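Please work through the following exercises with the sequence and the coordinates at hand. Each task is followed by a solution in steps.

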Amino acid sequence: MNVSPAPAPLVRLSPEWQDWLASNLVRGCVDADLQRMMVDGGFDAQFARVAISVVRSMTERVQQQAPALLAESAGARYKADPIRLPAGARARAHDRDIDIGFTLSDPNVALLINVLSDDECKRLIELSAGKLQRSEVVDRATGRVEISGVRTSEGTHFAIGENEIVARLERRLAAITGIPMENGEPLQILHYRPGGEYLPHHDYFDPLDSGSAEHLRVGGQRIATVVVYLDDVAAGGATTFPTLSLSVRPRRGSAVYFEYFNRSGDVDPRCLHAGAPVQAGEKWIATKWLRQSAYRQAA
Ligand SMILES: O=C(O)CCC(=O)C(=O)O
């Protein structure tokens with residue numbers, strides 16, 4: 001009896017298989033399942049493993065770049081108002097002078113130096129260290145907050161004016177931006193360990209997302225963010241703005257300030273930003289989100 005030899009295992013990815021692989025990776029399928037299906041489909045096991053890893057890394061790179069490209073084209077339609085900081089190199093708060101290291105106009109971004117003293121930074125870290133919990137993000141469709149791989153940090157909050165340092169910081173920020181203190185959300189403290197990061201995101205609530213209405217009800221839209229660095233980071237951990245090719249390195253007491261809402265009621269997608277992975281050491285920041293009007297959380 002003549003037995004025909006088994007066909008040689010496939011070692012080439014046809015365009016159909018490339019599409020199949022990319023779409024299943026985007027859907028979140030795991031490598032082992034994909035490899036099994038490819039081997040069942042006649043592929044060499046080793047070839048399947050390598051093909052999955054190559055297509056995965058290409059897909060992830062496109063997924064990271066796409067938000068920046070989309071933000072850039074959408075941002076072309078946004079017109080920023082003049083930045084809400086004094087014109088000089090130094091902004092005078094009630095108890096302290098804050099230096100303005102640089103400003104970008106439209107989109108509006110600035111580096112603030114000397115927002116907090118070394119002692120104030122250290123004390124805020126001490127006060128937060130015992131009450132940290134895994135950070136959450138807002139689900140854009142439902143508006144609910146949940147744990148996500150987008151944000152691998154831990155954090156906590158301080159109520160408005162909860163202690164003397166928080167109150168001082170809130171007063172300083174109101175003095176230099178002119179945005180009333182009552183428009184601020186509670187101060188958020190974040191702690192990242194090595195490898196911890198926050199993938200590119202916007203701080204405003206996108207008016208097109210069904211989950212945003214709930215968050216806009218009190219205080220309206222977020223209009224600006226201040227990220228204060230509570231410590232230096234040994235390596236990595238910069239706040240990056242992929243659309244602007246801008247990277248701000250953490251330095252204790254400094255802050256990056258950015259605005260993304262204009263008087264016409266538009267939001268600026270170019271303020272897409274991320275916390276880059278911490279490579280060595282730890283990263284501590286205090287984030288203050290400022291709203292259109294008074295922000296009071298339900299009791
Ligand atoms: O970790 C950072 O540098 C950025 C933090 C951030 O994006 C945020 O708190 O909204």
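The exercises below concern a predicted model.

**Exercise 1.** State how the chain is divided into domains and how far apart the domain centres lie.

*Solution.* Domain 1 covers residues 15-75 and domain 2 covers residues 90-291. The C-alpha centres of domain 1 and domain 2 are 33 Å apart.

**Exercise 2.** Determine how the buried residues of α4 are arranged about its axis, and what covers them.

*Solution.* The buried residues are Glu120, Cys121, Leu124 and Ser128. Viewed down the axis of α4, these residues fall within an arc of 100°, so they line one face of the helix. The face turned away from this buried side carries the exposed residues Asp118, Asp119, Glu126 and Ala129. The cover over the buried residues of α4 includes β7 (154-158), α5 (164-177), β8 (187-192) and β17 (283-291).

**Exercise 3.** Identify the residues that touch the most other members of the largest nonpolar core, and the element that gives the core its largest share.

*Solution.* This core has 48 residues, of which Val228, Leu230, Ala255, Tyr257 and Ile285 touch the most other members. Elements giving two or more residues to the core include β3 (108-113), α4 and β14 (255-259). The largest share, six residues, comes from β10. Beyond its neighbours within four places in sequence, Ala255 is in contact with Leu112, Val115, Val226, Val227, Val228 and Tyr229. A second, separate core of eight residues includes Leu25, Leu34, Met38 and Ile52.

Definitions and conventions
Residues are numbered from 1 along each chain as its sequence is written. This is a predicted model: local features need pLDDT of at least 70, side-chain atom pairs count only at pLDDT 80 or more; totals for chains, interfaces and linings use all residues. Domain bounds come from an automatic or database domain assignment. A residue is buried if 20 or more other C-beta atoms lie within 10 Å of its own, exposed if 12 or fewer, and partly exposed in between; C-beta atoms are placed from the backbone. Helices (H or I, at least four residues) and strands (E, at least two) are DSSP runs, numbered from the N terminus. The arc is that of the directions from the helix axis to the C-beta atoms. Two residues are in contact if their C-beta atoms, placed from the backbone, lie within 7 Å. A nonpolar core is a set of buried Ala, Val, Leu, Ile, Met, Phe, Trp, Tyr and Cys residues joined through C-beta atoms within 7 Å.
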